[in-house]
Amino acid sequence: MEGSSDDHPIIIPELSMNMFELFLSVAYNSWKPEGPTHDDVLDLLRFSNKFMSQKARDVAINHLHERRFQHKPYELLALCLEFSISKFFVPAFRRLVEFRIRDIPGPVRRRLGFEVWNAFVDLKELLDEHNRIVACEEPPIVTHSPYCTDNTACFIDWRQLWWNSMARFLLDGRNPQKFHEAIERFQELGPEIGRVNPECWKMLLQTVKNATAFCLAFDLVEETAQQLSAALITEPAPMLTKAELDTLGLPSHEEIL
């Protein structure tokens, strides 16, 4: 008779030996010294989906979250979509935007699905266009410093300085810089600012550091990620324990059967 002894186990075709051992590790909070591997975590997620184990799901998601920077963002996004995990979808999408399209493997693109991939490609195009606009349009000099004796020369050299430095950093074909990296290099130009008045340079540099122009880009990425998460991910309802069911006066699964 199945389940009567070790020689007559209960056979569940969908449940591998590793899944069952992982479930016992979760149930008794007893793990092997090295902890679960990435494949173990995936098995826990599959187990939780199949057998509706909230605790197994929570353990797996927390493990992934703690080690999220060890994984490529597109790998995390694919897991979020496959197992309906919203916890790190938005930060993973933010990281994904920093990748070049050609660096994302074809099989992963298919796992991301049309909605995420299409949104990512459209967003990359918009951000590239925004980047070119910022590179080509220097922050205006609203007011020159009282110590600036030649406003015209200061303005001309500021425009030239922006195009020859910041624009080149942002649009470098071989090694384009992120905005914060470009700012760090830009502020090192102190001795090479030409006829830009030093006091005007300080004010302009502060304007650039405030990153006002790139707040729009950040907001667009954040809004896109939030909309995708809301539209594509529905977290499974948490299972109630027997104690919680008793508190509510509801029959347990076993009692129903």
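Which residue, with a positive phi, follows α4? In this predicted model, that residue is Ser84, and its phi is near 55 degrees. The model is predicted, with residues numbered from 1 along each chain as its sequence is written; local features need pLDDT of at least 70, side-chain atom pairs count only at pLDDT 80 or more, and totals for chains, interfaces and linings use all residues.

The contact involves residues of α2 including Val41, Leu44 and Phe47, and residues of α3 including Val59, Ile61 and Leu64. By class, the contact residues are nine nonpolar, four polar and one charged (Ala, Val, Leu, Ile, Met, Phe, Trp, Tyr, Cys and Pro count as nonpolar; Asp, Glu, Lys and Arg as charged; the others, Gly among them, as polar).

The largest nonpolar core has 66 residues (buried Ala, Val, Leu, Ile, Met, Phe, Trp, Tyr and Cys joined through side-chain atoms within 4.5 Å). Helix α6 gives the most to this core, with ten residues. Phe93, Trp158, Met166, Phe186 and Trp201 have the most contacts inside the core. Met166 touches Leu161, Phe179, Ala182, Ile183, Phe186 and Val208, residues up to four places away in sequence not being counted.

The structure holds eight aromatic pairs (rings of Phe, Tyr and Trp, the last by its six-membered ring, with centres within 6.5 Å; planes under 30 degrees apart are stacked, over 60 edge-to-face and the rest tilted). Trp117 and Phe120 form a tilted pair, 5.3 Å centre to centre with 45 degrees between the planes. Because they are three residues apart in helix α6 (residues 106–136), about one helical turn separates them. Trp117 and Phe120 are buried. Trp158 and Trp162 are also tilted, at 5.8 Å and 55 degrees. Both lie in helix α7 (residues 151–171), four residues apart, and both are buried. Ring pairs link Trp158, Trp162, Phe186 and Trp201 into a cluster.

Conventions
Side-chain values use heavy atoms; hydrogens and water are left out. Helices (H or I, at least four residues) and strands (E, at least two) are DSSP runs, numbered from the N terminus. Buried means under 20% relative accessible area, exposed over 50%, partly exposed in between (1.4 Å probe, protein chains only). Contact means heavy atoms within 4.5 Å.
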